[in-house]
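Please look over the sequence and the model below before reading on.

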Amino acid sequence: MLIAHISDLHVMPPGELAYGRYDTAVTLARCVDSLLQLHPLPALVLATGDLVDRGTAGEYRRLRGLLAPLPMPVYLIPGNHDAREALCLEFGDHSYLPRPGAKVDYRVTENDICLIALDTVVAGEDGGALDPAQLDWLAAQLAVGPRTPTLVLMHHPPITSGIRCMDGIALDVASARRLGRIIERHPQVERIVCGHTHRAIQARWHGTTVSVCPSSAFQYGLDFRPHAGAIPTAEPPAYQLHYWNGAQLVTHTVTPA
Ligand SMILES: [Fe+2]
Ligand SMILES: [Fe+2]
């Protein structure tokens, strides 16, 4: 089974370009086209936040149109650029989403794989967090299926990447510490899939693997200097394909032509 993973789509209103250069609708449309040319088609698509750039209703309407050609289930979670209420209003027919305004935490099972989504968005902040109720809920969900291969979806990575400007707005340290203590008790967590950093990153973490998907729109430069900012680069838009081979998840990074 193939699980497609797109992230940081940053869809904007028609005529607007991210950083004055990147037409994020065009780059998303190229990713969607690329997914549709795969054989077999992915069984599902994960979209791990920063779905749109400013969280407006118009952007979500445009996002819906861009995702419409995908015939398989698409699972959405918000990032710091999203507005969870507008997201849930536009995608009200996605039955896994909560009522508008509630945190976008959900659990679904697809083809014997469990997906658990955690909403790490903090209103008005670029960095992310998980509150105690979310962590308790996660622990309860993981206890339900101790032998079901599980993917945890969240926008903000819980790791220190070395890219200081992004580490400063990752999942907050206290949330990451508590999350790690839960994850390490549940070896069925095959992967934590994230976005936010606009780069492909992997790390072993508390007995699982954290995997950050690059952006379908633009990547930030790899700069480890302490005062470096998040600067978009000429690196191409990309997405990932997680291939479940029956025993493990194998991740491929794809740059659409
Ligand atoms: Fe982003
Ligand atoms: Fe983000």
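Asp50 forms a bridge between the iron ion (ligand 2) and the iron ion (ligand 1), and the two ions lie 3.6 Å apart. Asp50 sits in the loop between strand S2 (44-48) and helix H2 (57-67), while His196 sits in the loop between strand S7 (189-194) and strand S8 (201-205), so this pair ties together parts of the chain that are 146 residues apart in sequence. The model is a predicted one, and the values given here are computed from it.

**Site of the iron ion (ligand 2)**

- The protein donors of the iron ion (ligand 2) are Asp50 through OD, Asn80 through OD1, His155 through NE2 and His196 through ND1, at distances of 2.1 to 2.3 Å from the ion.
- The four donor atoms of the iron ion (ligand 2) make angles of 88 to 160° with one another, and the site is classed as irregular.
- Along the sequence, the donor residues of the iron ion (ligand 2) follow the spacing D-x29-N-x74-H-x40-H.
- Asp50 counts as buried, at 2% relative accessibility, and His196 is likewise buried, with a relative accessible area of 3%.

- His10, in the loop between strand S1 (2-6) and helix H1 (24-36), and Asp50, in the loop between S2 and H2, are 40 residues apart, and the pair links distant parts of the chain.
- Both His10 and Asp50 are buried.

**Overall fold**

- The secondary structure of the protein consists of six helices and 11 strands.
- A compact globule of 257 residues would have a radius of gyration near 18 Å, and the 17 Å found for the protein agrees with this.
- Taken along the principal axes, the C-alpha atoms fill a box of roughly 45 × 45 × 35 Å.
- Of the 257 residues, 55% count as buried, and the accessible surface comes to about 10,800 Å², of which 53% belongs to carbon and sulfur atoms.
- Among contacts with a separation of 6 or more, 67% are made by residues 24 or more positions apart.

**Strand S5 and its partners**

- In strand S5 (residues 113-117), five of its five residues are buried, with Ile113, Leu115 and Ala117 on one side and Cys114 and Ile116 on the other.
- Strand S4 (residues 106-110) pairs with S5 in the antiparallel sense over five bridges, and Glu110 stands opposite Ile113 in S5.
- S4 and S5 form a hairpin with two residues between them, and Asn111 in the turn has a positive phi of about 50°.
- S5 also pairs with strand S6 (residues 150-153), here in the parallel sense and over four bridges, with Val152 in S6 as the bridge partner of Ile116.

**Gln134 in helix H4**

- Gln134 belongs to helix H4 (residues 132-144) and is buried, with a relative accessible area of 3%.
- Apart from its neighbours within four places in sequence, Gln134 is in contact with Lys103, Asp105, Leu118, Asp119 and Ala129.

How values were computed:
Residues are numbered from 1 along each chain as its sequence is written. Chains are lettered from A and ligands numbered from 1 in the order in which they are written. This is a predicted model: local features need pLDDT of at least 70, side-chain atom pairs count only at pLDDT 80 or more; totals for chains, interfaces and linings use all residues. Side-chain values use heavy atoms; hydrogens and water are left out. Donors are N, O and S atoms within 2.8 Å of the metal (3.2 Å for Na, K and Ca); water is not among the atoms, so sites may look incomplete. Four donors count as tetrahedral if all angles lie between 85 and 135 degrees; four count as square planar and six as octahedral if opposite donors are over 155 degrees apart and all others between 65 and 115; anything else is irregular. Buried means under 20% relative accessible area, exposed over 50%, partly exposed in between (1.4 Å probe, protein chains only). The radius of gyration is taken over C-alpha atoms; the globule rule is 2.2 Å times the number of residues to the power 0.38. Contact means heavy atoms within 4.5 Å. Accessible areas come from the Shrake-Rupley method with a 1.4 Å probe; for residues, only the protein chains shown count as cover. Two strands pair if DSSP finds at least two bridges between them.
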